[in-house]
Every structure is written in C-alpha cells, then in structure tokens.
Amino acid sequence: MENTINLLKECDAGTKTAVNSIKEVLDNVKSENLLTLLTEVLHEHEDIGNEIAETLREMGGHGKDPNPMARVMSWMKINFKMLEKGDDKTIAALMLDGCNMGVKQLSAYLNEYDSADDKSKRLAKRLINCEEKLAKELKNYL
C-alpha cells in the first residue's frame, strides 16, 4: 500500500506541475489551434489530478505539492524564455521539454513503485500517455 500511495503522490505532484506550467503560458499563445490544444490538455491534467486526489483520499493519503525549488526554476525558465522570444514556437518548445521530463520521471516512478496497485499504475500510465500525446502534437509548432 505504501508504494501505491507514493506513486499516486508523485503523479499528483506531476499533474500540479503540468497545470501550473500550462497556465503560465496560456495568455501568450497566439495560435488558436495551439491555444485549443493546451486548454484541452490543461483540463485533462486537472481531471486526472482530481481522480488521483480522490484515490489518495480513499486510501487515507494526501496529495503532494511539487518541489518548491523545481517550481521556482520552472517559473524562471518559462518567464525568461518568454521575455527573450515569447512566440508559439518558444511555448511549444518549453511545453515539449516539460512533457519529456514528465514522461521520464513518471516512468521512473512506475518502475520504482512496481508493487503499487493496478489502479494507481493505470492512472500513472494515463498521465504518461497524456504527456506523450501532447509532446507529439507540440512538434507541429516547433
């Protein structure tokens, strides 16, 4: 059960990181198609995050906030890049970097917490699939 809760906590932090990052760039998106894509993915991450939070509550656990230092570094990277050249290509590149990092970290957590229950593994894989799908779509804006 401990591995299940730990996997869910890491997924919770991952969804929060993704939601924060997407919200950080939305106001700067110029392309209607990219805005639609990011908005849909934002809602998908929020839905997955809500399901993760509910599952954690049912198990007696609680969510996990992203690492404060990682949040600050992400905020700085996004905002400095946006000041430098805040076009859709830059936004796509930033979001693609985040997707790749998310897939890498979540895959590592799936391996680390391999004895987690099937439901939590499905949620983690759903989140990974969401990130991979977004990464594929973002390449069209580079």
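Ala108 is placed in helix 4, which covers residues 88-112; helices (H or I, at least four residues) and strands (E, at least two) are DSSP runs, numbered from the N terminus. At 42% relative accessibility, Ala108 counts as partly exposed, where buried means under 20% relative accessible area, exposed over 50%, and partly exposed in between (1.4 Å probe, protein chains only). Ala108 and Ala18 are 90 residues apart along the chain, and their C-alpha atoms are separated by 17 Å.

The structure is a predicted model, in which local features need pLDDT of at least 70 and side-chain atom pairs count only at pLDDT 80 or more, while totals for chains, interfaces and linings use all residues. Residues are numbered from 1 along each chain as its sequence is written, and side-chain values use heavy atoms, with hydrogens and water left out.

The overall fold comes next. The chain has five helices and zero strands, and from the N terminus on its elements run α-α-α-α-α. The radius of gyration of the chain is 15 Å, close to the 14 Å that the globule rule gives for 142 residues, so the chain is as compact as a globular protein of that length. This radius is taken over C-alpha atoms, and the globule rule is 2.2 Å times the number of residues to the power 0.38. Along the principal axes, the C-alpha trace spans about 45 × 25 × 25 Å. Of the 142 residues, 39% count as buried.

The charged side chains can now be considered. Side chains of opposite charge can pair when their charged atoms come close. A salt bridge is a side-chain nitrogen of Lys or Arg within 4 Å of a carboxyl oxygen of Asp or Glu, and a search of the whole structure finds seven salt bridges. One of them joins Lys64 to Glu10, with the closest N and O atoms 2.8 Å apart. This pair links distant parts of the chain, 54 residues apart: Lys64 is in the loop between helix 2 (32-58) and helix 3, and Glu10 is in helix 1 (residues 2-26). Lys64 is partly exposed at 30% relative accessibility, whereas Glu10 is buried at 14%.

Another salt bridge is formed by Glu46 and Lys23, whose closest N and O atoms are 3.9 Å apart. Because Glu46 lies in helix 2 and Lys23 in helix 1, the pair ties together parts that are 23 residues apart in sequence. Glu46 is partly exposed, with a relative accessible area of 27%, and Lys23 is also partly exposed, at 48%.

A further salt bridge, between Arg57 and Glu54, has its closest N and O atoms 3.0 Å apart. Both residues lie in helix 2, three residues apart, which is about one turn of the helix. Arg57 is exposed, with a relative accessible area of 53%, while Glu54 is partly exposed at 36%.

A pair of aromatic rings is described by the distance of the centres and the angle of the planes. Rings of Phe, Tyr and Trp (its six-membered ring) pair if their centres lie within 6.5 Å; planes under 30 degrees apart count as stacked, over 60 as edge-to-face and the rest as tilted. The structure holds one aromatic pair. The rings of Tyr109 and Tyr113 have their centres 6.2 Å apart and their planes at 15°, so this pair is stacked. Tyr109 is partly exposed, with a relative accessible area of 23%, whereas Tyr113 is buried at 10%.

The cysteines are treated next. A disulfide is a pair of cysteine sulfur atoms within 2.5 Å, and by this rule the count comes to zero disulfides. Cys11 is in no disulfide, and the nearest cysteine sulfur, that of Cys130, is 12 Å away. The sulfur of Cys130 is 7.8 Å from the closest cysteine sulfur, in Cys99, which is too far for a bond. Cys11 is buried, with a relative accessible area of 0%, and Cys130 is buried as well, at 3%.

The surface also carries a nonpolar patch, formed by Met69, Val72, Met73 and Met76, with about 370 Å² of accessible area together. Patches are made of residues with over 30% relative accessible area and no salt bridge, like charges being joined within 9 Å and nonpolar side chains (Val, Leu, Ile, Met, Phe, Trp, Tyr) within 5 Å. Accessible areas come from the Shrake-Rupley method with a 1.4 Å probe, and for residues only the protein chains shown count as cover. Met76 is placed in helix 3 (residues 68-85) and is partly exposed, with a relative accessible area of 31%.
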